[in-house]
Amino acid sequence: MFAKRMNQLQSSSIRKMFEMAAKMKNPVNLSLGMPDFDVPANVKKQAVKAINDGKNKYTLTRGIPEFTLAIVDTLKNEGVNTESVMAVSGASGGLVLALLAMADDAAEVLIPDPCFVSYQYMVSLSGAKIRRIDTYPDFRLTPELLAKAVTASKKENPAIKQRILLFNSPVNPTGIAYHASEIKALATTAKKHHLQVISDEVYDRFCYDFKHECWLKHDTNALLIRTLGKTHGMTGWRSGYAAGPASIIEQMTMLQQFTYVCVNTPTQWASIEALKTNVDHLIKSYKSKRDMIYEGLKNHYNLQKPQGAFYAFPECPDGDGEAFLKKCIANEILIVPGSAFSQRHTHFRLSFALSDQELERGIKALVKVSGGRKG
């Protein structure tokens, strides 16, 4: 009855958490992957204005010229032009288009593990093979790990014609962010091994201890994916953009023409305003939330201090993810098991995209179920 590709998909643990939350009276919900702040008022105003001005029809598949120009201006330090950018239906829409355009059964996609829950399914739908690169215990991809994975790929699958690195910084689910020197070294290694890079930078503004480094600065052949959903509280508006070689953008545009058609028209007009809107005060508040979660849990769980995004990835007590998840559910604490993001079952993801009051409640709840001080 159904296509074979559907056998490769299953409902994500995050969606299951949503369903559980609906059945609980007052859960501590640390599973949400979206900011707790609303869309800025001036951005809302532009969306309403676009609707009232009759801007409700299809647009150019690549995006309205005003939006693509705004994207180019945003990326002026990365050397892009209007032929090398396009509007996409959120980061997920952009990633799907990119993988369908560049990956097939003659390709292999290298993914650092742990990684965003949807990556493996997006790759599977493209028909490409997946090679996970284990980054435990510090969750950082290094040039050495990358080179080792490519060498193994060439030995095991010599017929592969295209190798793609799907890279993410800051990282969902670990909160790891990469320094400029790390990005430069990884880009050098990727180019040495002729890897096509897709750089998922949806949390680029959520970088707390140092400035975010764009991969395009070191590899002009890479494809960049970003979104306004996370940075401006617009997750439901499905607005993002892709930037990279014009040849890749052209193929992605063709695919978008026959799938998404175009990004929501009023959203595109509002996104121009969003790109001009300063959200630094909101990001600053998330650095404070990061500090709250780390200071509150560091003596009870083994965890890396998040440097970006709005997630932490602690180790479960005794490294038993299944037992810990059951304990959390029994105490009406919603987290996402690490197995949703990884081949290991030893950790869990929590989001600190909550009000300070609710976050404090979450910290107390997690301390209670931790089993005492670590070590």
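These are legends for a handful of close-up views of the structure above.

The model is predicted, so local features are given where pLDDT is at least 70 and side-chain atom pairs where pLDDT is 80 or more, while totals for chains, interfaces and linings use all residues. Residues are numbered from 1 along each chain as its sequence is written, and side-chain values use heavy atoms, with hydrogens and water left out.

**View 1. Strand E6, covered on both faces.** Here we look at strand E6, residues 196–200. Helices (H or I, at least four residues) and strands (E, at least two) are DSSP runs, numbered from the N terminus. Five of the five residues in E6 are buried, where buried means under 20% relative accessible area, exposed means over 50% and partly exposed is in between (1.4 Å probe, protein chains only). Gln196, Ile198 and Asp200 sit on one side of E6, with Val197 and Ser199 on the other, and both sets are buried.

**View 2. The neighbours of E6.** Strands of a sheet pair through backbone hydrogen bonds, either parallel or antiparallel. Two strands are taken to pair if DSSP finds at least two bridges between them. Strand E5 (residues 162–168) runs parallel to E6, and five bridges join the two. Strand E7 (residues 223–227) also pairs with E6 in the parallel sense, over three bridges.

**View 3. From E5 over a helix to E6.** Follow the chain from E5 through helix H7 (residues 180–192) to E6, and you trace a right-handed β-α-β unit. Right-handed here means that, with the strands pointing away from the viewer, the path from the first strand over the helix to the second runs clockwise.

**View 4. A three-strand antiparallel sheet.** This sheet is open, has the order E9-E12-E11 and pairs in the antiparallel sense. Its edge strands are E9 (311–312) and E11 (336–337), each of which pairs on one side only. Two bridges hold E9 to strand E12 (residues 348–351). Within that pairing, Tyr311 has Ser351 in E12 as its bridge partner.

View 5. Rolling a probe the size of a water molecule over the atoms shows where empty space is left. On a 1 Å grid over the protein atoms alone, a cavity is a set of points where a 1.4 Å probe fits but cannot get out; a pocket is an open set with protein on both sides within 12 Å along at least five of seven lines, and lining residues have an atom within 4 Å of a point. Grid points are joined across faces, edges and corners, and a volume is the space filled by probe spheres set on the points. The structure holds one cavity of 30 Å³ or more, and the largest cavity has about 100 Å³ of space. Its lining has 13 residues, with Pro112, Pro114, Asn168, Val171 and Tyr178 nearest the centre. Which strand gives the largest share of this lining? E5 does, with three residues. By class, the lining has 10 nonpolar residues, three polar and no charged. Ala, Val, Leu, Ile, Met, Phe, Trp, Tyr, Cys and Pro count as nonpolar, Asp, Glu, Lys and Arg as charged, and the others, Gly among them, as polar.

**View 6. The second largest pocket.** This pocket has a volume of about 720 Å³. Among its 25 lining residues, Thr74, Asp204, Arg205, Lys211 and Arg226 lie nearest the centre. Helices H3 (65–74), H9 (265–276) and H10 (280–297), along with strand E7, each supply at least two residues of the lining. The lining has nine charged residues, eight polar and eight nonpolar.

**View 7. Salt bridges.** A salt bridge is a side-chain nitrogen of Lys or Arg within 4 Å of a carboxyl oxygen of Asp or Glu, and the whole structure has 18 of them. Asp113 and Arg132 meet in one at 3.1 Å, N to O. Asp113 lies in strand E3 and Arg132 in strand E4 (residues 129–134), so this pair ties together parts that are 19 residues apart in sequence. Asp113 is buried, at 3% relative accessibility. Lys49 and Asp53 form another, at 2.7 Å, N to O; Lys49 is partly exposed at 44% relative accessible area, and Asp53 is partly exposed at 43%.
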